[in-house]
Amino acid sequence: MGDPVRGDEDGAEPGAPASLAVILLVSVLVVATCGLIYELLAGTLASYLLGDSVTQFSTVIGSYLFAMGIGSYLSRHVRHNEIGVFVRVEILIAALGGWSAAGLFLLFPIVEDFRVALYALVLAIGILVGLEIPLLIRILRHRFAFRDLVSNVLTYDYIGALIASLLFPLVLVPWLGMIRTGFVFGLANVGVAVALLLALRGRQSVGRDLAAALIVLASLIAGLLAADRIQRWSEVAFYAEPVVYARSTPYQRIVITRRGEDLRLYLNGNLQFSTRDEYRYHEALVWPVLGRIANPKQVLILGGGDGLAAREVLRDPRVSKVTLVDLDPEMTHLFRDVPQLAQLNRHSLSSPRMQVINGDAFRWVREASGPYDAILIDFPDPTEFSLGKLYTESFYREVARLLAPAGVMTVQSTSPLIAPRSYWTVASTLEAAGLSARGYHAYVPSFGEWGFTMAAHAPPGDTVILPAGLRFLTQASERAMFDFPPDMARRPTPVNRLDNQALVRSFAEEWGHYDG
Amino acid sequence: MAEPTRRDALKAGAVGAGALALGSCAKPAMAGTLDGADWRRGHMIRDGKFPAPNGAEPRVGILIAGGGVAGLAAAWRMKAAGFDDFVVLELEDRVGGNARSGRNPVSAYPLGAHYLPVPNKEAVALRRMLQEFGMIVGEEGGAPIFDPYQLCADLEERLLWRGGWQEGLYPASGLSREDEIQRDRFTQAMAQLRNAVGADGRPAFAIPRVYSSADPAYTALDKVSFAAWLDDHGYSSPVLRAYLRYCCRDDYGTEPDDVSAWAGLHYFAARRGWAARGDGDRELTWPEGNGRLVSLLLEQTADHVRPAHSVFAIAQQGDEAVVDSFDHKAGSSTRWHASCVIVAMPHFVAARVAPAHTGKGRFRYAPWVVANVTVNRHPKGRGVGLAWDNVSTGSDSLGYVVATHQSASGGDGPTVLTWYLPLSKASPPEARKLMMTRTLAAWQRIIEDDLLTMNPDLAGAIDRIDVWRWGHAMISPTPGFLTDPVRTAAIEARPPVLFAHSDLSGLSLFEEAHYRGVVAAETALAHLGHSFESLI
Ligand SMILES: Cc1cc2nc3c(=O)[nH]c(=O)nc-3n(C[C@H](O)[C@H](O)[C@H](O)COP(=O)(O)OP(=O)(O)OC[C@H]3O[C@@H](n4cnc5c(N)ncnc54)[C@H](O)[C@@H]3O)c2cc1C
C-alpha cells in the first residue's frame, strides 16, 4: 500500500493544472499505440530474421504480455512520486523501443545467439510498458470517478491498440520501414515525457529528467536521420526477404532467405537462385549441352556448389561421373548436409556418381587432366578482377584442353540484355581460346533475361535431344533460345585476358549504368 | 619524414589504446619474426676476424664470389656455354641476395625484389633466359609472346587518393589546371626522351644501361640532382612531385634530391619493353617475386653453389686469383686458386675483400624494411578493387603487393601482403641504426598502423607480421656516380679479377645484375679460352 498522504500530493489531484490531465489522457493513447508497435516490431523482426513467423510471433507476443504482467505487478512497489516514475519509464521506453528495430538489425550479424538479445529486449520493453497503465490509473485517480477512470483509460488503451495494428502493416512497414518506425514511436514516447516535464516544471525540479529526455530525443532524431545508413550497415535489412541463414566463410558471405515457399541463396549480396524459377536457369545451363552429346559419361561442373546444376546432370542415366569443383567447402557442405537444402538438389552432392573437389578452379584446371564430355561453368559474375580471371582466354584454353574432342561446354555469362558487351565478350574470349562459341539466353524471372555461351571444338549444331519431364525446355523453346533480337545481338567486343580484363570493366560499366 | 618517427610509434600505440585500457598485457603479442641480411657475417668481414686458411688449396677455373642474381646469372651463362669448372661461394645460407623469398602455409612471398618488367629489345641474354624458363612461350611477328600466367594480372596498380581507391598510380581526380598541364608536359617530355637517340646513335637511355648513349647532352644529366632538374624545368606541381618522389623511392629507395637527374629520368625514359600483343609495358611477377627467377637459376647450377661461405680476401698472384673463404658450418677457412674470380658481391663489401683491386668510391646504399603481413582475408576498400600493387598517397611506405595475386581467383581468402618501406629521409647510417635498434613489436605496430590506415577493413584480419631488414639494400644513383673513377675502373677490370654486381650500374635492377653477371662470365670464359657464342 502506498503512502496515502504523499500519494495524494503526487496524484493529479484537484488543483493540478487541467492541462496536465489532458496530457495524461492523451498519453494513454500514445503509450498504448507505442506499446503495441514495439511488440509488432519485435515479432516481425523475429520472423524476418529467424523465419517461421507463427512461432516467432506467438513466442514474442507471449513473452511480451508476460513481461507486461511483471511490470503491472512491480508497479505496486512504486510508493511515491508516481508521475515522476511514469516520466522516467517513458524516457526509458523511448530509448529502448525507439532503438529496438535498428539495434536488433545491427546485432543480428554480430551476436552469438540472437534469441537472447531479442528476448531480453522484449522482456525489458514489456516490463516498462506494463508499468505504464497502472501508474497512469493511479495518477489520474483523483480526476475521475473510479468507474469513469477505468473506462476512459481502457477505452484509450484499446483505441491505441487499434491504431497501431492498422498503421503498422498498412502504413508504417511499407512506407517508413521497420528501422524508422521504431524511431518515430520512440519520439512519441519521449514527447509524452517532455510534455509532462514541461507541465510539471513549476511544481518540482525536473532538470535532470529533462536533460535525459532531451538526450534520448536527440539520439532518436539522429537515428531517424541515419536510418538509411543503419540499413546499409545491417546487411540483413538489405534483403527483401527474411534471412534464415547467414554465415561468412573465408571466401564469401553466404545468406539464405525464405519467404513462404521461395528460398533464395545470396553470395556476397548477389542473388544466386530463387527456388521459384531456378529450374529455368539450370535446365538452360545443362540440357542444351547434354542434349548435344552422343554419350556424355564424364561431366565437369566448375562452380555450382549449390548442387542444382548437378541435380540436372544426374537425371541423365548416361552420365557415369560428375566432378564438381567449388572453392568453398562451406557451400558444398551446406548443400550436401542440410536436409532442407539437399532436398532442393535432390541430394546430388552425396550421389555415388559425384566427386566434389573444394579448390580454386583457376588453379585446378591447370593441373587437371581430361577428357570431359561436358563442362558446365557456373561461376559468380565477374564483379571483381579476381573473379574475372575465371573468364579469361588463358582459363578457357585450359578448359578447352580438358574438353573431349566431341565434347560440349557452356558458360553462364551474365545478361545479354543489360550487359550485351560483357555478354558477347565471353563468346569472343572462348573463340580466342580456339573454340567455336554460340550464345543462347533464357528468361529467368528473378534474374531477368539471362545469357549462356556454348562452346566446342567444332561449331555446336542445332540438333538436340531433350529428356522427358523438363519444366522449361522443349524442342521449340530450346531452339528459340539461340535467337537474339537486335537489342541483344552480337557486337564486336575485346577478348578478356588475364593482363587486360576488359570484361570486369565493361561489366561494372554496364551494370552500374543499369543500377542507376 | 621518410621513416616513421617516434611520433608515429606513439600514434601506432594509440591504435592499441583500447587494448591498453584493458591492461596492456591482455593483448597477446603479434606473431612474427625480425630478420634480415646476416649482419653478423657481414661484420666479420668488416672486422677481418677469420682463421687463417689451412688444409688443401682447391683449384678451380672460375670462382664466383656472391650468389645474388649477378653471381647466379654468371653461373647460368657458364652452364649454357657448357663450362663446368666453377664454384659459387655465397655468404648467406641461401642464395638470391636481394631477390630472396620466403614461404608460409598461406603463400610464398618476396623478401625484396618482386617483379621484372618485360625486357627491352637490347636485353638479349635476359630474353634467352626467359625463353629457357618458359616465360616466353612463342613469337608473333618476330616479337616474343610472354606467358599470360606470369605477366602481372589485371588489376596491376591502384592508388588510395582522397579517401578512395583508383586505378593506376597517378591521381586522376581533384587536380588543378596547373597540375594537369604539368602532368601532360612531363608525360610528353618522357615520351620524347624514350625515343631520343644520342650523337653516337645509341638510345639516350637504355636497359642494360651500358647501351645508353655517351652523348654529353645526356650524360651531363648525371651532374645535377633530379629535384634540381625538375625545379629548372618548372615542374612544381605538388601532385606531380609527390608522384615522382614515390617513383624515386620505389626504384632507388632514395629521395629525388639524392638521385641524379640521369637516374631519375632513366626510370621513365629507358623502358621500351619488347613483346607481341601490346604487352611491352607489362611486368612479370610471381607469388615469391623474383625469388622464382632465383630458384630457376639455382636449379641449373645448384651443384656448383656453396652457401654459408664468406669470401673474405681476394688477391692476384701471378696470373691467377687467390681467394680465401670461411665456411660458417665447418668454422674453417680455405684458400682457393682460380684462373679467374668474379666478384659478385655488393661493392662496399668488395672494396674490403679485394682492396688491391678496387676502392670505396661513391657507393652509397639505401636501407629498406620489407614486411610480410599474413592476413586471413583479402583487403578491400572504397573504389576500385584490390590490385597487385596497392599504394596510398597518404603514407610514407610504398604500400603493399599481394602475394596470391597471380595464383588465385577466389576473392576473399587468406593472403600475404608484402609491405615496403625505404628509409630514405635520414642519412643511410642514421637510418640503419634506427632500423637495427627498433624492436619487432615496434616495427609491427608501425606496419599495422600504416596498413590499417590504408585498409581499415583489415582490422582483426592480421595474423602475423614478419619483418625483414635490408641494411645495404639498393645502390643510390647519386649525382656524379656515373663518372666515379672507382666505378669505371671496376667495370673495366680485366681477368683474373672481374666485378659483377648491379651496383656497378648504379641501378638496382634485375636486368642490370643479370647483364653484369653475363658479361663477366663471358669475359672469364674468353680468358680461359673456352669457346661460346656471345649473348651480349
Ligand atoms: C626491397 C628491395 C626491392 C627490390 N625490388 C626489385 C624489383 O622489384 N625488381 C628489380 O628488378 N629489382 C629490385 N630490387 C633490386 C635488386 O637488388 C636487384 O634486382 C638484384 O636482385 C640485385 O642482384 P645482385 O646480384 O646485383 O646483388 P645482391 O642481391 O646484393 O647479391 C649479392 C650477393 O652476394 C652475397 N655476398 C655478399 N658478400 C659476400 C661475401 N663476402 N662472400 C660471399 N658472398 C657475399 C650476398 O649475400 C648476396 O647474396 C629490389 C631490391 C630491394 C632491396
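Where in chain B is the place of B:Leu155? It is in the loop between strand 8 (143–146) and strand 9 (157–161) of chain B, where helices (H or I, at least four residues) and strands (E, at least two) are DSSP runs, numbered from the N terminus.

## About the model

This is a predicted model, in which local features need pLDDT of at least 70 and side-chain atom pairs count only at pLDDT 80 or more, while totals for chains, interfaces and linings use all residues. Residues are numbered from 1 along each chain as its sequence is written, chains are lettered from A and ligands numbered from 1 in the order in which they are written, and side-chain values use heavy atoms, with hydrogens and water left out.

Most peptide bonds are trans, and most residues other than glycine have a negative phi. In chain B, however, the bond that joins B:Asp154 and B:Leu155 is a cis peptide bond with omega at about 0°. Another cis bond runs from B:Ile207 to B:Pro208, with omega near -5°, and B:Pro208 is found in the loop between helix 6 (177–195) and helix 7 (216–219) of chain B.

In chain A, A:Arg346 is not a glycine and yet has a positive phi of about 45°, and A:His347, which is not a glycine either, has a positive phi of about 55°. A:Arg346 sits in the loop between helix 12 (339–344) and strand 7 (354–358) of chain A, and A:His347 has its place in the loop between helix 12 and strand 7. A:Arg346 counts as exposed because its relative accessibility is 54%, whereas A:His347, at 42%, counts as partly exposed; here buried means under 20% relative accessible area, exposed over 50%, and partly exposed in between (1.4 Å probe, protein chains only).

## The ligand and its surroundings

There are 35 residues around the ligand, and those that come nearest are B:Glu90, B:Asn98, B:His501, B:Ser502 and B:Phe510; a residue is near a molecule if one of its heavy atoms lies within 4 Å of it. The shell divides into 20 nonpolar, 13 polar and two charged residues, where Ala, Val, Leu, Ile, Met, Phe, Trp, Tyr, Cys and Pro count as nonpolar, Asp, Glu, Lys and Arg as charged, and the others, Gly among them, as polar. Strand 13 (309–317) of chain B is one of the elements that each supply at least two residues of this shell, and others include helix 4 (69–80) and helix 16 (510–527). Strand 13 gives the most, with three residues. Domain 1 (6–30 + 365–475) and domain 2 (45–95 + 307–363 + 478–527) of chain B both give residues to the shell, so the ligand lies between them; these bounds come from an automatic or database domain assignment.

## Positions listed in UniProt

An unreviewed UniProt entry lists A:His282 and A:Asp306 for "binding site". The two span 25 residues in sequence, yet their C-alpha atoms are not more than 11.2 Å apart, so they gather at one spot. A:His282 lies in helix 9 (residues 278–290) of chain A, and it counts as buried because its relative accessibility is 0%. For chain B, an unreviewed UniProt entry lists residues 69–401 for "domain: Amine oxidase", and annotations of this kind may be inferred rather than shown by experiment.

## Two further residues

A:Asp262 is in strand 3 (residues 262–267) of chain A, and it is buried, with a relative accessible area of 11%. Its side chain makes a polar contact of 2.9 Å with the side chain of A:Ser274.

B:Arg100 has its place in the loop between strand 3 (86–89) and strand 4 (101–103) of chain B, and it is buried, with a relative accessible area of 6%. The C-alpha atoms of B:Arg100 and B:Val294 are separated by 7.3 Å, although the two are 194 residues apart along the chain.

Notes. A polar contact is a pair of N or O atoms within 3.5 Å; within protein, one must be able to donate a hydrogen and the other to accept it, and residues adjacent in sequence count only if both atoms are side-chain atoms.
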